[in-house]
Structures are given as structure tokens and as C-alpha cells.
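Could we walk through this structure together, one question at a time? Have the sequence and the 3D view open as you read.

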2 protein chains.
Amino acid sequence: MEMQEQKPFVIGLDLGGTNAVFGIVDQRGQVLATNSIKTGAYKTVDDFVAAGVEALKPIVAKVGGIGQIKAMGIGAPNGNFYRGTIEFAPNLAWGHDGVVPLAEMFSKKLNIPVGLTNDANAAAIGEMQYGVARGMKNFIMITLGTGVGSGIVVDGKMVYGSDGFAGELGHVVMVRGEEGRSCGCGRTGCLEAYCSATGVARTAREFLEKSDEPSLLRDMKAEEITSLDVSIAASKGDKLALEVYAFTGDMLGQACADFATFSSPEAFIFFGGLTKAGDLIMKPIIESYEKHALKIFKGKPKFLISSLDDAAAAVLGASAIGWEL
Amino acid sequence: MEMQEQKPFVIGLDLGGTNAVFGIVDQRGQVLATNSIKTGAYKTVDDFVAAGVEALKPIVAKVGGIGQIKAMGIGAPNGNFYRGTIEFAPNLAWGHDGVVPLAEMFSKKLNIPVGLTNDANAAAIGEMQYGVARGMKNFIMITLGTGVGSGIVVDGKMVYGSDGFAGELGHVVMVRGEEGRSCGCGRTGCLEAYCSATGVARTAREFLEKSDEPSLLRDMKAEEITSLDVSIAASKGDKLALEVYAFTGDMLGQACADFATFSSPEAFIFFGGLTKAGDLIMKPIIESYEKHALKIFKGKPKFLISSLDDAAAAVLGASAIGWEL
């Protein structure tokens, strides 16, 4: 009987609404090679998978061929870990109105095991294996991007829940009733409607309309303001932009105070574009948390920013699922 | 070497603000004997423990003496599983402003292992071992009593969090800002302020004041109305009392819609006095949940009432901790 040698690499796929980034990752978390395709350039999932397999060929060849690859992990919006499916993902042209068995489709084409989870869970797994969450048993990862996602780790394990969809904290309702902002999910008042990149830009437009305060943001067309513009203005000391961060941080802090009652995490870890603002966003979050948290949770959790490089983190996180298969 | 025989019984202590109920439980979940003392009749925790040990003597003797007892489990407000302590419990005269190492104190007096957790966690463990949650891996227990408590089970395990205090869902904020009702925790707008027994009575008083609607509850002094009175009136078809249940259920349903985003449980299980109203409270909860839940969580979780006898459930739950020690 021959000993089977451990295959040295896994593939990670970070599947975003815009780009699908493939990476080859080794056991130490080095991303050795990457390639990407445009997620939205394909009308059907079959076309997308075929293009993905083509994109993988050169980077797989670089590390010695598919025989060197143990497995593939995919991080995707609305990804279901138990079933390896993407379900009703609003931002995917070929995935928004049905259940796409993406893990199985890649597995059949590549002849390797393929696992899939939602993108925020993948980020949390990556953080646990390679980032600031190393050694932590209880933490909540909050991803602040186009949407607001989350990955919850309890007692060292990802929380997937009864159906694989646990950890959708971006859709906790923060403003109830008619006052709530409309959210991409079709409901109103969700955390995501306020604290995603588009939510932050919307807050800026609302603040510009409500006040006469001078602001660098008034030099632009209101409808063209992005969260990046808010960030640039805030970093220059723009008062209105700072107020936008104070508002956003206040809401995130209140949300974290609620989340603490659930799993009392050791840390809240933030990831994504908004964290580039550093203390400008983290200080309001922490102040708001400490003001609103239940007494027994005050002063306890750490508030951290992901230590992983943005571009690599999502691929790393996705690849980490591959090691566990 | 002699085989050590498994001791056949455990002690369960359901420690409430009013009564402390001790029970002897066998491996099939039969409560063989109980005794109780008044929690508040003792000025110090030493006096309380001494009285507890006295109360245990006759019931322990009934089953053959302390040699037959494997361990003791305690369910207590603000109980900490990791440390075996009760911490800042507002309703305990001898426990409200400090950390009481109750598990250790009983253990020293009785010479058996003693474990402790909060009362809602104990109820969840009891439900998992003996009740409607048998075989479930993911569920949330919500206790509707003097307060609103919760016990969260993920992947077959109690969620204790980083510090042993996870699962305080009664203190998720449902009404933000100045409108929120004051809560016993010192903050405002908590679920508990609306959906506990006192919360329900308060809603009834508010509704009586706001409207001219005839109601059986108008025959009583407003300040003397309890949740039991609301329940009796509702069961007679009293319209205002039914509106109180509709309001309470609506809020619980919205809360459950938020909780689903966290751990996507297979079931929400309700326990406590308010559940005596049966469909009068469960129907509004389910309707509200289905109206407010995120699409992927609609129609999924079961909404159940605990199948355990009230009096026994808390003791059983507490005793279940004993088996795990």
C-alpha cells in the first residue's frame, strides 16, 4: 500500500458581483498565482463555469497541474455551505432567481472536491486561519462593502445554522417602521441600508440636503458621491463627512451592542472599504458600543480591523474552505 | 481494580427571584422529590447556601443519601457557566451587586461537582434533553416570564460566548431612542421591556389609556393589572386584551426575524407564563415573523411552545447540567 501524499495547494475563488478572482494558495496562506474573469460577462452559469475553468488553466499549470490541487473553496454572495449552492443572489446576473449548484459544477469539471460558503463566512475563516482572529474562539466578522455581510464564529466554529444561511447580520433591522430606508433585500431599515458603501453615500447626500454646512462634497454632483469621496473628505477634516462617519459608526456600535447579547464575542472584526478610514470610523463604533451595550458586555470585546490585505483576504478565506474538505 | 458505578441521580436547583426549588432527578428525567426555600428570605449568600443544604437533606435521604448523587446543576439569573458564578443579578437580594461563586459554595458543602448556568440556558438544555427540542441541533429558546431570557443552541451546543454570558436576547433593543420604554437593565427599548409579564401588563395600561374601547380590564385598577389578567380577558374574547397580544406577538415576531439572521434556527421555542395563551400569542408571533423575515428565512423555522411542565422544566434543565459535569 502506498502512502497518499498530501496535495500541496488549494484553489480559492472569491466570487463578487463584478469580478471572480481565482487564486492558488499554499498551506502557509501564500497566494501563489491569481487570475480573474468578469462575473457579469456571462449569461448562463454554464458559460461562467466554462470561462472559470479556462482562467484556472494557466495558474494551475504554474504550480504543476491539477494533480497538485487538493480542493477548491468558493466564497460567494448568498452561498450555502451545506448544499454548495448560491441561492437567489441579487447581484449575480446568472444567479439571482434560482438555486445554482456551483460547487458541484466546478467539481465535475475539475475532478476535485469543491466547497462553497458565503463571502463573509469565507472572510471570517480566512481571518481565523491567517489574520487577527488566529486563536480566537468567539468573534464576529462584519464586512462593510457593497453590502454588509457577517461571519459568526462560536466556540471555534463557523455558525451555519439549520440551513447554511446563518450570519446575515447586514439584514438586522435598525430602523423600524416607515422611517426605515429601503434595502436591496426588499425590506426597510436594515443595517446594510445605512452602513454599506452605498448606505454611507446616501447618508452623505441626506446630510448635504438637510444642512447648509459647507463641505468639500458640495463640489460634486450629489448623485455621484461615493463612500470613497466621503472618506477622502473626512480625511481632510471635512466636518460634514466626519458627521457621516459619526452617524455610521453610531449605528454600527448599536448593532454590535445587540450582537453581543447573542454570542458575546471576544472581538468584532471589520473588513472592507469603509475600514480604510481607520479611527474615523472605529472610534465612533467603539464609543457607540460602550454607550449602548448591556452592562455585562461593556468594555469587553475588542474592535479590530482585518489584518489581511483586501485583495488576498477573500481568496484566502475561500481557499481555507478547501483545506477543510 | 473496582468498576466505579455511575451514580443514579443529580440535583437540579431552579433559582428564581422568589423561590429556590431543589429537585432530585433520575436519568430518564423523572423528578423524584423536590423541596424549596424562599430566595429572598436570606440576607447573605452564606445563609442562603446553608438553608439550601438543609432543604436538600430530606430529599437526598429519600433517594439513599449523597452517595447516590452524581452532581448538581443550577439555573440562575445572570448565571455564568464558565465561572459557576451569579453576577450582578438585579432580582437577588444577596446577589445584585457583586459576583457570587454559588457553584463552588454548594460544591464545598455537598462534596459533589456543581455546575451553574443562566436560567434560560438551563431551560434550553432541559428542552433539548427532555422536551420538544430533542434531536434538534439549532434552536433558540425564548423564556417569557418576569423577564425575557434566551438560550441559543448552535450545532447541538449551548452558545456561551467568550465570557459565558451569551444569549441575552431579552436585551436586544427593539425601540431605539427616546421612545423606548425603560428596562430593568437601566437602558431603554429592550425586548424585555415589552414582552415580559410586566411589559405585557404595561402595554395593557397604555392601551387602556389611549383608547375608549370597552374592556373587561377597565373593571380593575390600572396599576393592579397583571399579564394574567390580560390573558384571562383575552381568552374571553376581550378586544383590547387581544390587541395587547397582537402588539406583543408582533414585536416578538420582528425580534425572531432578526434572530434568524444570526443563527438561522430550526425552531423558536417559547416557554413561560405568556405561552399559556396558546394561539392568542403564537399566531401573532408567526404572522409577524413571516411578514418581517428576510426572504431566505421565510417559512422555515418552527414556532413551538415548550412541552415541559412549567414547574418541572426549570429544575430538569438545571439538573441536565449535572449530567454533563
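Q: Which residues does B:A133 touch, not counting residues up to four places away in sequence?
A: Contact here means heavy atoms within 4.5 Å. In this predicted model, and leaving out residues up to four places away in sequence, B:A133 touches B:E127, B:M128, B:F139 and B:I269.

Q: What pLDDT do local features need in this model?
A: A word on conventions: residues are numbered from 1 along each chain as its sequence is written, while chains are lettered from A and ligands numbered from 1 in the order in which they are written. Side-chain values use heavy atoms, with hydrogens and water left out, and in this predicted model totals for chains, interfaces and linings use all residues, side-chain atom pairs count only at pLDDT 80 or more, and local features need pLDDT of at least 70.

Q: Is B:A133 buried or exposed?
A: B:A133 sits in the loop between helix 3 (119-130) and strand 9 (139-144) of chain B. Helices (H or I, at least four residues) and strands (E, at least two) are DSSP runs, numbered from the N terminus. On the accessibility scale, buried means under 20% relative accessible area, exposed over 50%, and partly exposed in between (1.4 Å probe, protein chains only). Because its relative accessibility is 0%, B:A133 counts as buried.

Q: How much area do chain B and chain A bury between them?
A: The contact draws 39 residues from chain B and 39 residues from chain A. Buried area is the accessible area (1.4 Å probe) that two parts lose on being put together, summed over both. For chain B and chain A, 57% of it is on carbon and sulfur atoms, and the total is about 3,400 Å².

Q: Which element gives the largest share of the side of chain B that touches chain A?
A: Across this interface the rule finds 22 residue pairs in polar contact (both at pLDDT 80 or more). A polar contact is a pair of N or O atoms within 3.5 Å; within protein, one must be able to donate a hydrogen and the other to accept it, and residues adjacent in sequence count only if both atoms are side-chain atoms. Strand 10 (148-154) and helix 7 (239-263) of chain B each supply at least two residues of the side of chain B that touches chain A. The largest share, six residues, comes from helix 7 of chain B.

Q: Which residue of chain A meets B:K300 in a salt bridge?
A: A salt bridge is a side-chain nitrogen of Lys or Arg within 4 Å of a carboxyl oxygen of Asp or Glu, and the rule finds four of them across the interface of chain B and chain A. B:K300 counts as partly exposed because its relative accessibility is 38%. With N to O at 2.7 Å, the side chain of B:K300 meets that of A:D163.

Q: Which residue has its backbone nitrogen 3.0 Å from a polar atom of the side chain of A:N80?
A: A:N80 is in strand 5 of chain A and counts as buried, at 0% relative accessibility. Not counting residues up to four places away in sequence, A:N80 touches A:T85, A:E87, A:L116, A:D163, A:G164 and A:F165. The backbone nitrogen 3.0 Å from a polar atom of the A:N80 side chain belongs to A:R83.

Q: How far apart in sequence are the parts that A:E206 and A:R181 tie together?
A: A:R181 is buried, at 4% relative accessibility, whereas A:E206 is partly exposed at 32%. The two form a salt bridge, with the closest N and O atoms 3.3 Å apart. A:E206 lies in helix 5 (residues 197-210) of chain A and A:R181 in the loop between strand 11 and helix 4 of chain A, so the pair ties together parts separated in sequence by 25 residues.

Q: How far apart do the C-alpha centres of domain 1 and domain 2 of chain A lie?
A: Chain A is divided into domain 1 (9-127 + 311-324) and domain 2 (137-306), with bounds from an automatic or database domain assignment. In contact are 16 residues of domain 1 and 20 residues of domain 2 of chain A. The count of salt bridges between these domains is zero. Their C-alpha centres are separated by 27 Å.
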